[in-house]
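I opened the model and kept notes as I went. Here is what I looked up, sheet by sheet and ring by ring.

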Amino acid sequence: MDKNSLRKYFKNLRKELLTLKISQSLVNKLINLKEYQTSKNIMLFYPLDNEINLLEILSDTTKNFYLPKIEGDEIVCCPYKIGDELKISKFNTKEPITNCVDKNILDLIIVPALCCDKNNYRLGYGKGYYDRFLKGFDGYTITCLPKEFIIDTINPDKYDIPIKLVITD
């Protein structure tokens, strides 16, 4: 299947499959990982409809959290804590209004994906934002998905950046 067909398939599957129970299971696995526990500065994403919701981790007061914001053709990293104001972006995602900081302060980035393959390449929404953002990032990257969203290959191209760890339920 080509990437556009995969996107359509997994968006539809996500509508059928994702439940609060799956998100909770993935949160529990995430917070018990050594990579999470030893990280101080963590970027996660504000979920779109039917996307894995990991926002529960924001209540962890031992961490500093960041959310992505789109500026032009790039993602920037912005501080966020529960209660901070968010605005709706051009892609209908919620973004912080805080000023961006250097991504290299991050220890861990939790990356959204429609699906991942067995070599930890992820399929995003097709604009390449995260691949550009992750290029040159030395910290740890994790994607959290139900096991049904892991496939043999997404046929990555030269711009695709693999994730270091994929957590499944």
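I began at a turn. Gly72 takes a positive phi near 65° in the hairpin of strand 2 and strand 3, which has two residues between the strands. I take helices (H or I, at least four residues) and strands (E, at least two) as DSSP runs, numbered from the N terminus.

Before going on, I noted the ground rules. This is a predicted model, where local features need pLDDT of at least 70 and side-chain atom pairs count only at pLDDT 80 or more, while totals for chains, interfaces and linings use all residues. Residues are numbered from 1 along each chain as its sequence is written, and side-chain values use heavy atoms, with hydrogens and water left out.

I stayed with the hairpin strands. Strand 2 and strand 3 run antiparallel and are joined by seven bridges. Two strands pair if DSSP finds at least two bridges between them. Pro68 stands opposite Cys77 in strand 3. I then checked burial, where buried means under 20% relative accessible area, exposed over 50%, and partly exposed in between (1.4 Å probe, protein chains only). Five of the seven residues of strand 3 are buried, so this strand is largely enclosed by the rest of the structure.

I went through some of the pairs.
- Strand 1 (residues 41-43) runs parallel to strand 2 (residues 64-71), with three bridges. Met43 has Tyr66 as its bridge partner in strand 2.
- Strand 6 (residues 108-110) and strand 9 run parallel, joined by three bridges. Ile109 partners Thr141 in strand 9.
- Strand 9 and strand 11 also run parallel, with three bridges. Thr143 partners Val166 in strand 11.

How many residues of strand 9 (residues 140-144) are buried? Four of the five are, so strand 9 is largely enclosed by the rest of the structure.

I found another open sheet, with three strands in the order 8-7-10 and mixed pairing. Strand 8 and strand 10 (150-151) stand at its edges with a single partner strand each, so one side of each has no neighbour in the sheet. Strand 7 (residues 115-117) and strand 8 run antiparallel, with two bridges. Cys116 has Arg122 as its bridge partner in strand 8.

**Entry: rings**

I searched the whole structure for aromatic pairs and got three. Rings of Phe, Tyr and Trp (its six-membered ring) pair if their centres lie within 6.5 Å; planes under 30 degrees apart count as stacked, over 60 as edge-to-face and the rest as tilted.

Tyr9 and Phe10 have ring centres 4.9 Å apart and planes at 85°, so they are edge-to-face. Tyr9 is partly exposed, at 42% relative accessibility. Phe10 is buried, at 2%. Ring pairs link Tyr9, Phe10 and Phe149 into a cluster.

Tyr130 and Phe133 have centres 6.5 Å apart and planes at 85°, so this pair is edge-to-face. Both lie in helix 4 (residues 129-134), three residues apart, about one turn of the helix. Tyr130 is buried at 10%, and Phe133 is buried at 4%.

I also looked for charges over rings (NZ of Lys or CZ of Arg within 6 Å of the ring centre and within 35 degrees of the ring normal). Lys63 lies over the face of Tyr36, 4.9 Å from the ring centre. Arg132 has its charged end over the ring of Tyr129, 5.2 Å from the centre.

**Entry: the largest pocket**

A pocket, on a 1 Å grid over the protein atoms alone, is an open set of points with protein on both sides within 12 Å along at least five of seven lines; lining residues have an atom within 4 Å of a point. Grid points are joined across faces, edges and corners, and a volume is the space filled by probe spheres set on the points. The largest pocket has a volume of about 620 Å³. Which of its 28 lining residues are closest to its centre? They are Arg122, Tyr125, Lys127, Tyr129 and Tyr130.

Notes
1 Å grid on protein atoms, 1.4 Å probe; cavity = no way out; pocket = protein on both sides within 12 Å on 5 of 7 lines; lining within 4 Å.
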